[in-house]
Amino acid sequence: MQGTKQLTSGLEDYLEEIYISHLNQTPLKGAELARKLNISRASVSEALSRLVGKNLIKYNSYEAISLTPTGIEQAKKVYEKHSIIKKFFENILCIQSAEAGENACKIEHIISQNILDRMTDFTNFCQANPIIIENFKKETLK
């Protein structure tokens with residue numbers, strides 16, 4: 001079995017989308033995943049085969065994609081990383097949701113754990129001290 005730590009940013013995106021469907025208890029097939037990610041069906045099939053090879057998903061072309069226990073663990077990490085970054089952009093930097101989500105998706109693949117942890121700590125600090133965010137909004141959103 002290949003290591004799961006060596007996921008490309010593209011495979012992380014697939015895994016995250018599969019995880020979101022898993023959380024929503026919505027069956028997801030390869031064709032639907034291709035549509036959601038705006039990627040060719042052939043590219044999706046190749047990526048799904050790689051995820052199967054890493055023991056992160058179970059998949060055949062006739063059934064919905066399902067996550068293995070290892071896949072759930074990996075996908076949850078990617079999803080949480082995205083969520084932390086997006087929350088920071090929206091709630092601390094006052095960035096609109098669409099822009100925050102788009103940039104979080106790009107940054108989640110390269111951010112170090114140390115910076116992510118600091119971002120989380122700062123977000124929690126600011127939310128516990130809302131005057132900081134209020135003052136920031138007053139100064140930057142004039």
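How do the residues of the lining of the second largest pocket divide into nonpolar, polar and charged?

## Overall architecture

The structure is a predicted model. Its secondary structure comes to seven helices and two strands. Read from the N terminus, the order of the elements is α-α-α-β-β-α-α-α-α. Along the principal axes, the C-alpha atoms fill a box of roughly 55 × 30 × 25 Å.

The protein has 142 residues, of which 32% count as buried. Among contacts with a separation of 6 or more, 58% are between residues 24 or more positions apart.

## The second largest pocket

The volume of the second largest pocket is about 170 Å³. Two elements, α1 (9-23) and α5 (97-107), each give two or more residues to its lining. The largest share comes from α1, with four residues.

The lining consists of Asp 13, Glu 16, Glu 17, Ile 20, Leu 37, His 82, Gly 101 and Cys 105. To answer the opening question, three of these residues are nonpolar, two are polar and three are charged.

## Helix α2

Helix α2 spans residues 30-37. Its buried residues are Gly 30, Leu 33 and Ala 34. These residues cover an arc of only 100 degrees around the axis, which puts them on the same side of α2. As a general point, an α-helix has 3.6 residues a turn, so residues three or four places apart point the same way.

The cover over the buried residues of α2 includes α1 and α3. Just after α2, Asn 38 takes a positive phi of about 55 degrees.

## Helix α3

Helix α3 covers residues 41-53, 13 residues in total.

Which residues of α3 are buried? They are Val 44, Ala 47, Leu 48 and Leu 51. Seen down the axis of α3, the buried residues fall within an arc of 100 degrees, so they line one face of the helix. The face turned away from this buried side carries the exposed residues Ala 42 and Glu 46. Among the elements that cover the buried residues of α3 are α1, α2 and β1 (57-58).

## Ala 47

Ala 47 lies in helix α3. Its relative accessibility is 5%, and it therefore counts as buried, the cut-off being under 20%. Leaving aside neighbours within four places in sequence, Ala 47 is in contact with Leu 11 and Tyr 14.

Ala 47 and Pro 130 are 83 residues apart in sequence. In space, their C-alpha atoms are 43 Å apart.

Asn 55 is in the loop between α3 and β1, just after α3. Its phi is near 60 degrees, a positive value in a residue other than glycine. For context, most residues other than glycine have a negative phi. With a relative accessible area of 33%, Asn 55 is partly exposed.

Where is Thr 68 placed? Thr 68 is in the loop between β2 (66-67) and α4 (69-92). At 4% relative accessibility, this residue counts as buried. Not counting residues up to four places away in sequence, Thr 68 touches Asn 55, Leu 56, Ile 57 and Lys 58.

## Cys 94

Cys 94 also has a positive phi, of about 60 degrees, although it is not a glycine. The residue is in the loop between α4 and α5. Is Cys 94 buried or exposed? At 18% relative accessibility, Cys 94 counts as buried, because buried means under 20% relative accessible area.

Methods
Residues numbered from 1 in each chain as written. Predicted model: local features only at pLDDT ≥ 70, side-chain atom pairs only at ≥ 80, totals over all residues. Heavy atoms only, no water. 1 Å grid on protein atoms, 1.4 Å probe; cavity = no way out; pocket = protein on both sides within 12 Å on 5 of 7 lines; lining within 4 Å. Points joined across faces, edges and corners; volume = space filled by probe spheres on them. Nonpolar A, V, L, I, M, F, W, Y, C, P; charged D, E, K, R; others polar. Expected span 1.5 Å × (residues − 1). Buried < 20%, exposed > 50% of the residue type's maximum accessible area, 1.4 Å probe, protein only. Arc of directions from axis to C-beta. Contact = heavy atoms within 4.5 Å.
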